[in-house]
Amino acid sequence: MASERKINACVSLYLDTAYELQKEIEKAAKLNCQSVTIPTVHWNFDREFVREPLRSKHGQFTRSDLLLSSTNWINQVICRVGENVDLDSPIDRIRKHSERTILQEISFAEHLVQHGYMYTKLKGANCANFARTVASGALKGTLLVEVPITNPKSAQNCWRRDIEDDQAVQDTWQWWNAFRSYADYNQHVKIALELTTDVPKKEEIYRWLGEPIDALVVPANIFLTNANNYPVLSKAHQSIVTLLYRTFSCHFILKANPGDGHLGHYVEYIKHIVQHNHVDDPLQGFNDVLEIPLQPLYDNLDSATYEIFERDPVKYIFYQNAIEQALTDRVPEEEKDTKTTIIMVVGGGRGPLVRAALNAATKANRRVKLYVIEKNPNAIVTLTALIDELWKDRHVELISKDMREFEPPEKADILVSELLGSFGDNELSPECLDGAQKQLKDNGISIPCKYTSYINPCFAVKVHSQARANECSAPWKERVVSSRHMEQMYVAYQKNVYHIDNPQPVFEFVHPNCDPDPVDNSRYRSIRFKASLDCVLNGFSGYFDTVLYKDVMLSIHPFTHTKGLASWFSMFIPLTEPVQVRAGEEIVVNFWRCVASHKRSILQQLSSQAWCVCVWFWDEFGRV
């Protein structure tokens with residue numbers, strides 16, 4: 001369903017030249033464009049950097065910055081650089097002249113737009129020197145690199161008899177992959193993805209979702225004319241625009257002849273497509289932001305963290321339904337007035353599970369007695385107030401103690417907890433519940449009763465760059481990537497991500513744990529994935545699903561995600577350096593869950609590429 005909220009997609013008008021800049025900006029504004037994309041220096045203006053006296057003469061090579069205010073330069077102009085240069089020419093004179101030209105233009109463009117946008121065009125995979133030169137110069141603003149979504153030669157070859165049908169045409173993603181690799185994944189370099197008349201395969205479109213796309217270039221020649229003589233996009237192009245805007249919230253650059261009478265219609269139609277297909281995301285603002293996973297066994301959570309989790313509109317309803325079913329199964333209808341069910345809530349927090357249990361008892365019409373075990377002394381204050389003010393007559397008893405050390409006066413029929421992390425066991429739920437299992441009757445029920453973790457290889461440039469940036473020393477060029485920040489798990493609401501293969505299960509835990517003593521929660525699993533396309537692997541995404549009771553399940557698995565569930569984001573496990581993967585290659589991942597008496601650790605190893613990632617969990621003693 002389209003959003004009722006007004007969405008203002010930003011459109012920039014691409015101009016080959018701009019004779020009077022202020023007038024061009026005013027014309028663009030009348031077309032409802034927010035900016036213009038213009039060359040920093042006229043593409044036909046040549047400069048001399050070697051021979052005297054021209055080399056030493058400091059002449060004016062472009063328009064003055066006094067034409068606009070600094071605010072207008074930043075907000076209304078995108079400066080194009082390197083229009084007619086060949087930085088990878090085999091001829092030294094041409095290559096050196098091109099280097100000096102583009103560096104001069106980048107320097108002046110940054111002088112104009114400061115931390116705004118610059119723009120250049122990628123013409124092929126032979127771009128090593130181009131990438132090195134640009135990446136070393138573009139440090140202040142954002143450099144948009146125009147890349148076509150399909151290779152123009154692929155369409156040309158369809159009409160040429162002198163070319164064999166099976167002759168391969170290089171994928172434009174390979175151009176970009178070569179460029180950003182040579183640029184060392186510079187965070188200031190983003191993609192301006194140009195739509196073409198041909199549409200790539202769906203899997204190839206999804207591969208772009210892992211890339212740093214900041215703009216979508218829409219040329220006028222891809223528009224069709226409808227029955228009313230208005231320009232429209234094909235269904236295939238509409239779906240691409242919708243997908244990319246939902247993922248990146250990118251802006252648009254319109255390439256069209258300034259004399260085209262449909263300019264205003266192009267802009268209007270682009271904004272219509274965005275508005276019509278926009279869907280409000282309640283988690284907007286959390287997109288691709290790395291967060292350190294919580295360790296509630298080691299740290300006492302604060303009030304704001306509790307409040308965020310309590311806002312989840314789904315999780316506690318599912319818990320309430322699970323407890324209600326368990327009560328109904330536990331106590332037959334004829335015994336409901338005489339039998340009292342003992343429920344223990346281990347890890348009570350600020351009381352949402354207690355509230356769910358009391359509501360479930362009311363709906364099921366069953367008598368219950370609740371024990372609430374909580375180790376956080378600050379949360380005890382809140383729970384005490386709730387018992388005194390709201391639950392005074394509801395048979396709720398509060399115990400301030402670690403659940404593993406608590407000796408109950410009576411054993412529980414139902415043990416309720418919410419100790420799961422984004423990878424299932426990463427908040428040490430197995431160890432906590434195994435320690436609390438002595439509080440449960442032999443035929444007692446644990447909610448949750450089972451949870452499974454999943455993993456799949458991915459390329460997520462935005463979240464990986466954040467983890468990698470933590471390793472950077474100042475200045476950026478002196479960076480040495482170590483393993484401190486790369487050897488840990490993160491949680492993130494991943495949208496800017498390409499999933500190389502489907503998730504596969506890793507570890508499964510069942511409660512109550514019926515393993516003979518001593519209970520062993522160590523695990524090992526070897527998993528194989530296969531890449532369907534050439535791609536880059538820079539980490540793994542982790543998920544979990546859990547069975548609360550019988551058919552009541554919660555999941556953040558991409559294929560079975562519980563609708564509206566917001567308490568958990570997916571896990572991200574970064575690799576220190578990205579790995580190039582070819583289509584058809586296997587990715588072998590070995591996972592260990594190693595358990596010791598005073599530490600918890602997980603080791604992930606990418607065997608096929610000889611990469612190793614160590615991820616540590618924390619317990620009450622901290623990392624060792």
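1. In β6, Val-189 is the bridge partner of Leu-143. Strands here are DSSP runs of E, at least two residues, and helices are runs of H or I, at least four residues; both are numbered from the N terminus.

2. On the source: this is a predicted model, where local features need pLDDT of at least 70, side-chain atom pairs count only at pLDDT 80 or more, and totals for chains, interfaces and linings use all residues. Residues are numbered from 1 along each chain as its sequence is written, and side-chain values use heavy atoms, with hydrogens and water left out.

3. The barrel. 8 strands close it, in the order β1-β2-β3-β4-β5-β6-β7-β10, with parallel pairing. From one strand to the next, the twist averages 30 degrees. Two strands pair if DSSP finds at least two bridges between them.

4. α6 (residues 172-182) lies across β5 and β6 and runs at about 150 degrees to β5. α8 lies across β6, β7 and β10, at about 155 degrees to β7. Axes are lines fitted to C-alpha atoms, for helices over the stretch in contact, and angles run from 0 to 180 degrees between N-to-C directions.

5. Helix α8 itself. Just after α8, Ser-249 takes a positive phi of about 50 degrees.

6. What does α8 bury, and against what? Its buried residues include His-237, Ile-240, Val-241, Leu-244, Tyr-245 and Phe-248. Buried means under 20% relative accessible area (1.4 Å probe, protein chains only). An α-helix has 3.6 residues a turn, so residues three or four places apart point the same way. The buried residues of α8 pack against β6 (189-194), α7 (202-207), β7 (213-219), β10 (251-255) and α9 (263-277). Contact means heavy atoms within 4.5 Å.

7. The open sheet. 5 strands pair in parallel, in the order β13-β12-β11-β14-β15. β13 (396-400) and β15 (440-447) are the edge strands, each pairing on one side only. The twist averages 25 degrees from one strand to the next.

8. Details of that sheet. Strand β14 (residues 412-416) runs parallel to β15, joined by 4 bridges. Ala-412 stands opposite Leu-440 in β15. Helix α13 (residues 377-389) lies across β12 (367-374) and β13, at about 165 degrees to β13.

Note on methods:
Buried < 20%, exposed > 50% of the residue type's maximum accessible area, 1.4 Å probe, protein only.
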